[in-house]
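Okay, thanks for coming, everyone.

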Amino acid sequence: MEFLSNLVNGISLGSVYAVIALGYTMVYGIARMLNFAHGDIIMVGGYICFISMTSLGLPVLVSILAAVVVCTILGITIERVAYKPLRSAPSLAVLITAIGVSYLLQNLALLIWGSDPKSFTSVVGFEPLRLFDGKLVITSETLVTIIASAIIMVVLTLFVNRTKVGHAMLAVSEDKGAAQLMGINVNATISLTFAIGSALAAVAGVLLCSAQPSLLPTTGAMPGIKAFVAAVFGGIGSIPGAMIGGVLLGVIEIMSKYYISAQISDAIVFAVLIVVLLVRPAGILGKQTREKV
Amino acid sequence: MNLKNLGRTARRNLVTYSMVIAAYIIIQVLAAMDLLSNSLSGQLIPICAYVIMAVSLNLTVGVLGELSLGHAGFMSVGAFSSAFFSVAVGDALPTPVTLVLAFAIGMIAAGVFGVLIGIPVLRLQGDYLAIVTLAFGEIIKNLLNAFYIGVDSTGFHVSMKDATALKMDETGRIIIKGAQGITGVNRMSTFTIGFVLVVLTLIIVLNLIKSRTGRAIMSIRDNRIAAESVGINVTKYKLIAFTVSAALAGLAGSLYAHSLATVVAKKFDYNTSILILVFVVVGGMGNIRGSVIAAAVLTVLPELLRSFADYRMLVYAIVLILMMLFKQSPQIKNFCRGIGERLRLGSLFHRRKAENSSSGKEG
């Protein structure tokens with residue numbers, strides 16, 4: 001029963017990672033860049049939702065919507081201002097810029113909201129689910145997180161594979177030049193990708209803060225990095241890969257926390273990354289690419 | 001000595017060395033005249049450590065062209081291994097011997113970790129190295145936070161749980177105490193030692209860059225495929241640069257650890273790695289002298305401007321973004337050039353002069 005409860009918690013944490021990893025993997029697939037600021041957009045989403053619920057007293061759903069809208073605008077702005085001018089620059093320069101943006105967001109949050117943790121009130125409020133005569137208790141947050149993440153994944157997969165805009169995104173990630181020749185607006189597609197990724201990050205922020213109620217300017221950094229590990233694990237650039245990688249990583253983290261040591265569970269998660277890169281650099285579902293000269 | 005007979009690189013390096021030596025002499029004179037404020041004289045050893053960190057990271061970022069986000073992890077390895085050694089030895093050896101051995105151990109330990117991380121990772125390209133070094137820094141911090149080691153009459157006891165799990169007899173003393181780190185480190189580091197190590201680092205790095213090995217490393221940065229096709233062993237040279245960089249970070253860590261009473265793992269976190277990266281980017285990637293200046297100035301500046309301290313990281317973040325945009329973006333570069341040309345509009349003289357000087361160089 002212990003094992004089952006850990007498994008459920010692992011899947012719940014993992015599905016948050018998966019939602020964040022989707023943002024990473026889509027942006028990587030299309031813009032060929034590692035958006036380090038993605039984790040900090042989660043944090044912004046959490047704060048916006050928190051502010052609208054407590055200071056403005058808005059209902060939960062409106063607050064979540066506000067977080068999604070603000071993060072979407074933020075994501076598009078960041079792409080326009082910081083990343084777009086560097087599209088042809090070496091990847092080192094883009095990476096350093098992304099780190100700069102990540103730091104900028106963290107420190108702005110520190111100035112605006114202060115360094116003391118805010119206690120986030122959970123956005124879901126129904127009774128926990130009790131199974132097997134109360135031996136297995138699943139909290140409402142866990143349940144909502146899993147369901148919400150599953151819906152997001154299904155909708156996103158349908159969007160990418162079934163709509164015209166989704167096909168445009170696939171085309172741009174395949175070959176930017178050819179996509180442009182086929183009449184696809186590459187810039188708009190890239191902006192759209194950042195918008196979707198940031199909106200997902202906002203949702204992930206709300207879910208994450210509901211499960212772990214203390215909100216800090218650095219809240220998003222660690223889940224962001226772990227979600228990136230998940231994206232690499234599943235094969236960066238691949239949408240189903242990000243989902244599988246995220247869930248697996250969440251389960252690994254909770255299991256090692258419980259069965260090995262709580263203190264070194266993060267070390268184990270990162271060790272997984274190094275092992276994956278050694279054994280299969282392209283990840284579980286990634287395409288093995290061959291370099292052309 | 002006739003300066004004109006020296007090559008351009010040699011002259012440039014000479015300027016760097018003399019700059020460091022001059023700074024050392026000026027500070028010693030100021031200290032002798034009692035003109036240094038307390039906060040500044042407390043910063044002298046950290047400045048030396050950060051200068052070494054910046055120079056060594058520049059070897060990876062600027063010369064090799066790979067991003068390392070776990071440089072503080074190597075510093076941490078150096079700090080812990082050297083402090084562990086000097087605490088374990090205690091007064092058994094004369095102080096200078098302990099110091100030299102501790103620093104050597106810190107350097108070697110970090111270098112070994114550099115090889116261990118480098119072998120698997122350097123086969124991968126670009127972004128992956130950044131993320132794996134980041135992961136490595138976090139792993140080191142995590143493990144050290146949970147690491148206990150003590151010594152008693154029967155020898156060393158190691159545990160990853162807590163102090164009681166060490167099961168030592170009554171003569172035992174704990175050397176590394178998990179998140180509380182190492183306490184009671186002999187504060188042997190002095191500014192002079194720091195200065196000597198900075199000069200040593202500069203000698204190592206500047207000579208490496210100038211050597212055949214250094215040119216091979218830079219050729220990998222500029223065009224990996226071309227370098228490979230002329231027979232350069234890419235992995236080998238990448239590994240050399242990465243290991244030297246890690247070992248020097250370990251040296252900086254040893255220096256820093258012996259200026260503190262307590263060494264804790266959380267001092268060497270991701271933020272420290274980013275801080276060092278800011279030094280390198282502000283000083284100019286690949287520019288060693290720039291790293292020295294940037295590390296020294298950016299460490300002293302927040303001390304002098306107390307009110308600036310709150311905005312320090314915010315300003316650094318903006319500087320990082322702007323530096324990249326202005327140096328790398330073709331649109332912004334053209335825009336700036338356009339403004340520059342408009343300012344000089346009509347002065348054909350300038351253009352002709354420029355043409356003359358450039359053709360003069362060719363001839």
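So, how much of chain B is buried? Of its 363 residues, 42% count as buried. Keep in mind that we're looking at a predicted model here, not an experimental one. In terms of secondary structure, chain B has 14 helices and five strands. And if you take the contacts in chain B between residues at least 6 apart in sequence, 77% of them join residues at least 24 apart.

Now chain A. There we have 293 residues, and 52% of them count as buried. The secondary structure comes to 11 helices and four strands. For contacts between residues at least 6 apart in sequence, the share joining residues at least 24 apart is 75% in chain A. What about its overall dimensions? The C-alpha trace of chain A spans about 60 × 45 × 35 Å along its principal axes. A compact globule with 293 residues would have a radius of gyration near 19 Å, and chain A has 19 Å, so the two agree.

Find helix H7, residues 212-222, and helix H9, residues 234-257, both in chain B: their axes come within 9 Å and cross at roughly 110°. Anything from 65 to 115 degrees counts as roughly perpendicular, so H7(B) is roughly perpendicular to H9(B). Who makes that contact? From H7(B) it's Thr213(B), Ala216(B), Ile217(B) and Ile220(B), and from H9(B) it's Val234(B), Tyr237(B), Lys238(B), Ile240(B) and Ala241(B). Sort those residues by class and you get seven nonpolar, one polar and one charged.

Over in chain A, take helix H6, residues 164-174, and helix H8, residues 186-211. Their axes come within 10 Å and cross at roughly 105°, and that makes H6(A) roughly perpendicular to H8(A). On the H6(A) side you have Val165(A), Ala168(A), Met169(A) and Val172(A), and they meet Val186(A), Thr189(A), Ile190(A), Leu192(A) and Thr193(A) in H8(A).

Most residues other than glycine have a negative phi. Arg32(A) isn't a glycine, but its phi is positive, about 50°. Where does Arg32(A) sit? In the loop between helix H1 (2-31) and helix H2 (38-54) of chain A.

Next, how do the two chains meet? In total, 36 residues of chain B are in contact with 35 residues of chain A. On the chain B side, the elements giving two or more residues are helix H5 (127-145), helix H10 (270-283), helix H12 (312-328) and helix H13 (330-343). H5(B) gives the largest share, with 12 residues. By class, that side of chain B has 27 nonpolar, seven polar and two charged residues.

Last stop, the core. The largest nonpolar core has 200 residues, and the ones with the most contacts inside it are Val229(A), Cys48(B), Val51(B), Ile52(B), Ala54(B) and Phe279(B). Let's zoom in on Ile52(B). Which residues does Ile52(B) touch, leaving out those up to four places away in sequence? The list is Leu197(B), Val198(B), Thr201(B), Leu248(B), Leu251(B) and Ala252(B).

That's my tour, thanks.

Conventions:
Residues are numbered from 1 along each chain as its sequence is written. Chains are lettered from A and ligands numbered from 1 in the order in which they are written. This is a predicted model: local features need pLDDT of at least 70, side-chain atom pairs count only at pLDDT 80 or more; totals for chains, interfaces and linings use all residues. Axes are lines fitted to C-alpha atoms, for helices over the stretch in contact, and angles run from 0 to 180 degrees between N-to-C directions. Angles under 35 degrees count as roughly parallel, over 145 as roughly antiparallel, 65 to 115 as roughly perpendicular and the rest as oblique. Two residues are in contact if their C-beta atoms, placed from the backbone, lie within 7 Å. Ala, Val, Leu, Ile, Met, Phe, Trp, Tyr, Cys and Pro count as nonpolar, Asp, Glu, Lys and Arg as charged, and the others, Gly among them, as polar. A residue is buried if 20 or more other C-beta atoms lie within 10 Å of its own, exposed if 12 or fewer, and partly exposed in between; C-beta atoms are placed from the backbone. A nonpolar core is a set of buried Ala, Val, Leu, Ile, Met, Phe, Trp, Tyr and Cys residues joined through C-beta atoms within 7 Å. The radius of gyration is taken over C-alpha atoms; the globule rule is 2.2 Å times the number of residues to the power 0.38.
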